[in-house]
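This report looks at charged side-chain pairs. The sequence and structure come first.

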Amino acid sequence: MKITDIICIHTKGVYVKVETDEGIAGYGEGTNFTPKAVVGMIEEMKPYIIGEDPQRIEYLWQACFRRLFARGGPVTGSAIAAIDMALWDIKGKKLGVPVYQLLGGLARNRVRLYGHVTGHSAEEIASNAKKLADKGITAIRYRGFHDTDAIHLHDHKRAVLQQVEYTEAIRAAVGNSVDLIVECHGRYDADYAVMLAREIKRFRPLYIEDPIRHENPQALRRIRSYTDIPLATGERGHNKWDFRELLTDGLVDYVRPDVCWCGGISEIRKIAAMAEMYHVQVVPHNTQGPLGTAASLHASLSMPNVAMMELPWAGKDAPPADAASPWPVIEDGYAYPPTGPGLGIRFNEELAASLPAPSKLLPRLNAIDGSVRDW
């Protein structure tokens, strides 16, 4: 079998179609916050893989990564991810089996999910959390500062106080059987992350997610020294090397790679294997559509140290599936194995061609003094 073409499809997400001379096509997703750059990188990688055997997945991953002189980062990670997923999709279709069977089979029969809640007051967010818990969702992720996002403001102290207020209200609403995930989105300086951890400990969160920016993993050591609340980070890790210090230095309890950002199915499995050595669990980040979600689910079903998987709409009505479908089967807060060969996803190219690519301008947050703050 030979790869004959790689077609990039930029609609509501960034997708690739890998075509072969046997008529088997595979699809992958590399949606991130710089879609035009990902499209350009996929074009740059095409000469390294057209004419090659799509079943040589590891070889082609290495070719896409190592034949570039400037490596790493979100653009490369997402471009490789899209191609890698498509290759696994082809191989599964060629052999007539789901991708998880090619990854060693089911390490678990279903994958626990966590959902998201938002709200502009403690009462609103607590009410929304109670609705998720009543639908069988056993882990809920939330953050404060939604109201200040709307006015392009982030103030550390105000945000900490709001997250403490929200945490207290949510815990009271859902009881003790639901795990709470306190999302910080990498916003805080270390001192404020410590302040937050000290104030919310009494509400027994499962973990604090992304308490500080990701550029300097060693900065987590300071937070680690002040709290025994578990810490999680990693959605902005774009290959295995970005996770090395987090694991070797014992800085986190959970790592959170995103299969659409970290180099695909092949790479997220290596990150999970590294984490397993240090008794660290994996909670895959996942905010993409049905295709990226399917890839994350196949990987999560096969990796032994997955604690749960993110699905923002878990416990709510599924969003429209757009060009890729279907969403996974969800029951009682768990996702079940996809059916069909490959990733088990149907891709409607005609519909994709009619969907405009949305603007990806992110919030522009400033501090009270007008200086730039992180989103």
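## A pair across the chain

Which residue forms a salt bridge with Glu58? Lys270 does, and the closest N and O atoms are 2.7 Å apart. A salt bridge here is a side-chain nitrogen of Lys or Arg within 4 Å of a carboxyl oxygen of Asp or Glu. Lys270 lies in helix α11 (residues 264-277) and Glu58 in helix α2 (residues 57-66), so the pair ties together parts that are 212 residues apart in sequence. Helices are DSSP runs of H or I with at least four residues, strands are E runs of at least two, and both are numbered from the N terminus.

Lys270 is partly exposed, at 26% relative accessible area. Glu58 is also partly exposed, at 35%. The classes are buried (under 20% relative accessible area), exposed (over 50%) and partly exposed in between, with a 1.4 Å probe and protein chains only.

## Basis of the model

The model is predicted: local features need pLDDT of at least 70, side-chain atom pairs count only at pLDDT 80 or more, and totals for chains, interfaces and linings use all residues. Residues are numbered from 1 along each chain as its sequence is written, and side-chain values use heavy atoms, leaving out hydrogens and water.

## Buried pairs

Arg143 and Asp149 form a salt bridge, with closest N and O atoms 3.0 Å apart. Both residues are buried.

Glu267 and Lys240 meet in a salt bridge at 3.0 Å, N to O. Glu267 sits in helix α11, Lys240 in the loop between β8 (231-233) and α10 (244-248), 27 residues apart. Glu267 is buried at 0% relative accessible area. Lys240 is buried at 14%.

## Network and total

Shared partners join Glu209, Glu235, Arg256 and Glu310 into one salt-bridge network. The structure holds 24 salt bridges.
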